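Me: I'm new to this structure. Could you walk me through part of it?

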Amino acid sequence: MNATATAQRAKGPLVWLDMDQQALDDAYDQLVYAPNRDQVHKRNMFNSDRVRARLGAPKRLAYGPKPIEQLDLFATDKPNAPITIFIHGGAWRARTVKDYAYQAEMMVRAGAHWVGLDFDGVEGTNGDLLPMADQVRRGVAWVYNNAKSFGGNPDRIFVSGQSSGGHLAGNVVTTDWSKYGVPANVVKGGLLCSGMYELKPVRLSKRSQYVAFTDECEEELSSQRHLDRLNCPIIVAYGTYETPEFQRQNREFAEAVKKAGKPVTLLVAEGYNHFEIAECIGNPLSLLGDAMLKQMGLV
Amino acid sequence: MATGAASAQPAAHIKGPLVWMNMDQKELDDAYDQAVYAPNRNIVLKRCVRNSELARERLGAPKRLTYGPTKFEALDVFTAKTPNAPIMIYVHGGSWRVGTASQYHYLAEAFLTAGANIVIPDFANVGDVGGSLLTMADQIRRSVAWVYKNAKEFGGDPERIYVSGQSSGGHWVGVLMTTDWQTDYGVPMTILKGGASGSGMYDLKPVRLSKRSEFVKFTDETEQKLSAMRHLDKLVAPIALVYGDQETPEFQRQSRDFYAAVKAAGKPVTLSVMEGYNHFEVMESIGNPLSLFGRAALEVMKLRPA
């Protein structure tokens with residue numbers, strides 16, 4: 001079950017680092033390394049239902065004009081509480097943040113508001129990632145501008161994201177916020193889990209079949225190239241059963257942030273694959289859950 | 001490439017004579033072989049061992065205390081910060097033949113942070129004692145009686161002792177909660193105030209008919225005495241049952257039928273089904289206080305997650 005992409009075959013010309021096209025395609029195909037993807041997803045939906053049964057349905061609020069531009073808010077009863085904003089993954093394809101409510105209870109219990117953003121998948125943007133990054137950035141700006149309306153503290157906003165949501169969270173923490181009319185330090189900290197921070201190898205992989213990469217997209221949304229804009233402490237995390245290329249993306253990003261002299265913590269979750277590590281974000285006693293709560297000053 | 005589907009099923013075969021319910025020998029053997037249905041067994045077990053190491057780094061080593069004369073009879077105690085706190089005793093699984101308390105330290109913090117002491121006994125594996133589950137049962141029961149008598153020495157409340165366990169440890173929870181404590185161990189019949197059992201076995205007949213008989217020396221006495229389902233008259237505390245819907249159908253049936261029997265006996269019992277969890281993932285989940293299993297174990301103690 002410790003799946004690896006080592007089917008016997010003749011190796012083709014190298015496309016990225018030591019990988020030929022097939023190896024690179026496999027490196028960006030989680031199912032090759034995590035055969036229990038669908039089972040974990042089932043578990044996530046089940047646990048999300050349980051959380052809604054315990055906490056009640058979230059508030060559904062619009063952060064933008066498109067129907068998809070809404071968010072789920074699980075509110076804590078503590079006044080002026082910090083806020084965590086979660087950006088879901090799914091290889092940039094359409095997903096619903098409803099299936100990630102399982103992460104909310106840990107935060108609400110610890111005294112924070114949990115906000116989960118819905119936003120377009122590439123299906124809704126003709127394959128363009130730039131409008132998706134704009135949506136999640138607008139989502140964050142909306143939370144800043146409206147935090148007080150739901151008892152949140154606009155000066156204690158944190159973000160997290162996993163997989164392609166980790167990529168987008170990387171974009172969020174390297175945003176030029178002057179374009180959004182909010183302070184440059186709107187985000188106070190982040191958890192970037194199993195993300196991609198350099199899009200060149202992704203563009204070279206078969207993900208190009210459904211993502212319409214352009215030079216602009218690659219440049220603008222490779223957060224590793226915009227570390228000058230990073231101004232909050234971040235946690236970068238990956239699991240040891242993720243694809244080696246995903247592990248590399250996270251290791252090298254953390255290294256680059258460190259080299260830039262900015263605060264970063266690298267967490268390696270031993271024995272977790274790409275989907276199992278996301279579950280840890282909902283467990284206050286896991287490596288990731290504990291680190292997030294500490295980053296937010298909640299434990 | 002992927003070497004195993006997430007929720008595996010046994011390979012197709014020509015069906016032989018029925019041995020138990022609708023199962024032939026091969027199907028019954030598979031039903032009691034977790035790896036057939038949970039291909040990630042070794043990954044999850046390794047992860048729990050690693051998370052146990054990390055837990056010890058945070059908590060420090062547990063107290064190691066002896067409860068009996070043989071080399072196996074010692075237990076690990078992680079003590080709560082508050083005095084006179086309730087006690088959870090976790091009985092580990094491993095098909096009765098593998099496992100040590102130290103591999104289960106990963107679950108300690110779920111109880112400690114909620115304000116309870118956590119005790120994890122070691123005991124002989126079935127291979128150490130000539131295949132006798134009765135010898136194991138006596139060790140585990142003595143560990144519980146020892147905790148009752150010595151609770152105050154580590155700050156525990158002897159009047160608030162609970163048990164939990166999973167797999168063969170779930171079998172032991174059933175056995176412990178249907179023990180004749182007063183007669184056999186000289187402690188109150190109400191020594192246990194509640195229990196949480198994950199993925200357990202409560203009737204040993206089908207287990208005896210399976211290939212587990214190759215390493216467990218089942219006798220009529222073993223089967224009768226250690227089938228909790230047959231001793232519900234001795235059950236005097238609430239029990240929470242949990243299983244995963246990716247477990248073997250026979251393990252799921254064991255929990256469902258035990259639940260129905262306890263309920264029919266008019267005694268307090270709950271059943272939680274964890275969707276998307278296999279046998280080992282249920283085991284792991286008790287370490288997460290927000291999971292169904294972790295929460296069930298805390299609720300039976302009248303505690304809430306921290």
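What follows is a short chat about a helix of chain A and about chain B as a whole.

Reply: This is a predicted model, where local features need pLDDT of at least 70, side-chain atom pairs count only at pLDDT 80 or more, and totals for chains, interfaces and linings use all residues. Residues are numbered from 1 along each chain as its sequence is written, while chains are lettered from A and ligands numbered from 1 in the order in which they are written.

Me: At what angle do α5 and α6 of chain A cross?

Reply: Roughly 65°, and the axes of α5 (residues 130-146) and α6 (residues 164-172) come within 10 Å. Axes are lines fitted to C-alpha atoms, for helices over the stretch in contact, with angles from 0 to 180 degrees between N-to-C directions. Helices here are DSSP runs (H or I, at least four residues), as are strands (E, at least two), numbered from the N terminus.

Me: Which residues of α6(A) make the contact?

Reply: A:Leu168, A:Asn171 and A:Val172, facing A:Met132, A:Ala133, A:Val136, A:Arg137 and A:Val140 of α5(A). Contact means C-beta atoms, placed from the backbone, within 7 Å.

Me: Switching to chain B, how many helices and strands?

Reply: Chain B has 12 helices and 10 strands. Its C-alpha atoms fill a box of roughly 60 × 50 × 40 Å along the principal axes.

Me: And contacts between residues at least 6 apart in sequence? What share join residues at least 24 apart?

Reply: In chain B, 73% of them.

Methods. Two residues are in contact if their C-beta atoms, placed from the backbone, lie within 7 Å.
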